[in-house]
Amino acid sequence: MAATHDHAHHHGSYLEPKGGFWTTVVDWATTVDHKKIGVMYLVAILFMFFLGGVAALALRLELFEPVRTVVDATTGASKITGQMFGNPDAGGIGAGNNLYNRIFTLHGAIMVFMVIVPSIPASLGNFLLPIMLGAKDVAFPRLNLLSWYVYVVGSLFAVAAIILGGVDTGWTFYTPYSTTTDADYWRVTLMVLGAFTLGFSSILTGINFVVTVHKLRAPGMGWFDMPLFAWALYAAAIIQVLATPVIGITLLLLMFERIFRVGIFDPALGGDPVLFQHFFWFYSHPVVYVMILPGMGIISDVLAVQSHKKIFGYRAIAFSSLGIAGVSFIVWGHHMFASMSELASMVFSALTFLVAIPTAIKVFNWISSLYKGSIALNAPMVYTLIFLFTFSIGGLTGLPLATLSTDLHLHDTYFVVAHFHYVMMGGTIMAFMAGLHHWWPKMFGRMYNEPLAILGALVVFIGFNVTFFSQFFLGARGMPRRYASYVDEFQLLHQISTVGSFILLVGFLIHLFVFLASFATGRKAPANPWGGLTLEWLADSPPEEHNFPHEPIVTHGPYDFESVVPHHWDPSDYPIPEEHRAVASH
Amino acid sequence: MSTLDTRELGTLQRWQRYIHGHHWRSSAEEFDAVKFGFWLFLSTEVLLFGGIFCAYFIFRSLYPAAYAEGSQALDWRWGGLNTVILLISSYTMAASIYCVQKGLFSRAKLNLVITLLCGLLFLAIKILFEYTPKWSGYFFVLDPALSHHAATVVEGKTALFGLFQYVEGYGGKRPGSLFDHPFAQNADIPMWWSVYYCGTAIHALHVIIGMVLIFRVLLRVNKGYYGPTHYTMVEIVGLYWHLVDLIWIFLFPLLYLIH
């Protein structure tokens, strides 16, 4: 995007310390700079990802052996895992099951509320959205900092609940179980309070992004000149604003229920537990798209830049984001086919298929964009291709779950578990990793070790599929979710899945090493390492305090690779065939 | 009184010295954005109360008799008075925005003080004449509802320097499992009180938040933060207060006027 880039007015990068150690700490703790807040979110989210990941590995270890805690309690059959979650004989029958329930609740609640929902918008979105729009900051910088502190406080409530003994409700907090379990303890209330608080953080980020997109685009940037990542963040932010208050009132009523026994969700007092499910999924289904839409935005952007080709069907991708946001509000019933009338189930089943349309539009457009592109097969692109593969599996396995007749067999089995892990992890987390590598040089001013990052991506890909593809078979054969023990026939598939989860661990450790090594020994990143045309590649790497020396003026589209030469780009980094090179310069 | 504070005569007032955030091109642009953001926030508030209204309609359709009986235990005169009080406060809030825009600071402060007093009055009526008698059986002696309720006053059981008197069998109308009122005709009546308390308590919480915000605006108007060219905070606090009023406008007929 053609604008002046004057090094005479260089102000120093946002990462430069403001003074001594404590001065720097105070500077970060009180900063209203969207870039620093984005980095702070990144650190917090990665920490929670680590916690949730440890819980997941503990679950997989427990499932390595069938340990029939109920049927076979007297033999103490466990070899490895009985020691892990406690021998069922030692703590009485069900003690191991009880711990298992708490660990999978911990894993689910942390991964959903504290990792996947905020992951992309709050970290990469916060950092990049204003720069991509050519703005100096988000619309409400102080609100942005507040949202980070609210996130930390909410997470602390959740961690406190875990320290006090954990919660065994599952991340969905279904009533009446959640209103009666652990009745003498505050931990369920604390966990619910944590999720309620995190909702505020989410709403504040959502409001900030919607207003930023409306009001802070650079001169010359119309709605259809925005990068698709910005479009996706915008669609996700609308859902955040409109869906989160409903979970707010739901969790508030749940807390009233536990503290005052008001009975709104308690059948013993005339209340309706199914009402809780409606309220819960009216939020929690749309929020699935808060999780995936920003990921889709990353894929659109990374895919176009790394294949140096104009994205195919820009408007179709942009509008399909809004389409998904719209449809997301009318499909919540498919989470509760078992608790609705037949007619309602049929209606929700039919509506659910609508989601496939905008989603497929995106996937087909992405694949068309690759056609005849100059593809740079680096880590962001590898992760993008992984996303296309795993997300498509995740999306397609949603269809048998939306179909009532097949769902009768598959619901509440490992098939569901595998499906949503393919969408949430194979979709959101893979896109997050693609974006993290793509914008890493921009965020921290250092290149990372490309071959090692690609190796990490491949290990993650293999580990992910070994872990979760086996679970489709488990589910189709009838293995129910949320059980610590199972019949012997499932053992082989469970063991494959557990081995896969440790391959995943190795993959993420490789990435951790790559990122740490990048800080220590990484080559200094150029302003535009990949040859992108969007505004963030015009800023320094890392960007200066106010992002740009002058307000940029937008004179071309975000993906006009056929007519514009990228700024500050050394094509020898990623050679492009002569016939694909742009001839016209700005 | 002149529009300029005498302590700062000769210098510019704070609102005249206001500089918009560095990422905005002008104050007008910033004002537009803040208002837009605040309307988004108000939509979240509407959705929050949407959950309460949704629960209200579902349980009303399930237990119409309990709702009819429960509503009769509310005195529409107190609810009506509170509605009038909030409507007056909405007017004074709007008037204070106008006054700040026109630089009529003492009138703005007067209007804000009246708004605050209305909020206090609303809460006082809510607590003294509605929550306390229903929850505990202690009855405010000046309550007109006493005259049309066949109840016996227990001599000698008073609270708060005799302002409250205990009325046999009048209280105990609490939500859910806390309900212990002996005269309930309908087994589902506790659900009515759950919805009543949840809805009005969350609304009262919003009244309190609104009053805190208005108090802050009052202090800052007094210090000269807001004036004809910069009154963003006054305006959005006004929007918030109108929303709090609006929600009551819906709660009042749904709770008090359905028999």
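**Exercise 1. The hairpin of chain B**

Identify the bridge partner of B:Val153 in β3(B), and then describe how β2 and β3 of chain B pair.

*Solution.* In this predicted model, the residue of β3(B) that forms a bridge with B:Val153 is B:Val167.
Step 1. B:Val153 lies in strand β2 of chain B, which covers residues 153–159, and B:Val167 lies in strand β3, which covers residues 164–167.
Step 2. The two strands run antiparallel to each other and are joined over three bridges.
Step 3. Between the strands of this hairpin there are four residues. In the hairpin, B:Leu160 adopts a positive phi near 50 degrees.

**Exercise 2. The fold of chain B**

Determine how many helices and strands chain B has, and state in what order its elements occur.

*Solution.* Step 1. The count for chain B is seven helices and three strands.
Step 1. Read from the N terminus, the order is α-α-α-α-α-β-β-β-α-α.
Step 2. The C-alpha trace of chain B extends over about 70 × 40 × 25 Å along its principal axes.
Step 3. Of the 259 residues in chain B, 39% are buried. Among contacts in chain B with a separation of 6 or more, 71% are made by residues 24 or more positions apart.

**Exercise 3. The side of chain B that touches chain A**

*Solution.* Step 1. In chain B, 27 residues are in contact with 32 residues of chain A.
Step 1. Helices α2 (27–62) and α6 (189–222) of chain B each contribute at least two residues to this side.

**Exercise 4. Helix α8 of chain A**

Compare the reach of α8 of chain A with the expected value, locate its bend, and explain why it is described as largely enclosed.

*Solution.* Step 1. Helix α8(A) spans residues 273–306, 34 residues in total. From first to last C-alpha it reaches 49 Å, close to the 50 Å expected at 1.5 Å a residue.
Step 1. A bend of about 30 degrees occurs in α8(A) at A:Trp281.
Step 2. Because 30 of its 34 residues are buried, α8(A) is largely enclosed by the rest of the structure.
Step 3. After α8(A) comes A:His308, which has a positive phi near 50 degrees.

Key. Residues numbered from 1 in each chain as written. Chains lettered and ligands numbered in written order. Predicted model: local features only at pLDDT ≥ 70, side-chain atom pairs only at ≥ 80, totals over all residues. Pairing = 2+ DSSP bridges. Buried ≥ 20, exposed ≤ 12 C-beta atoms within 10 Å, placed from the backbone. Contact = placed C-beta atoms within 7 Å. Expected span 1.5 Å × (residues − 1). Bend = angle between axes of the 7 residues up to and from the residue.
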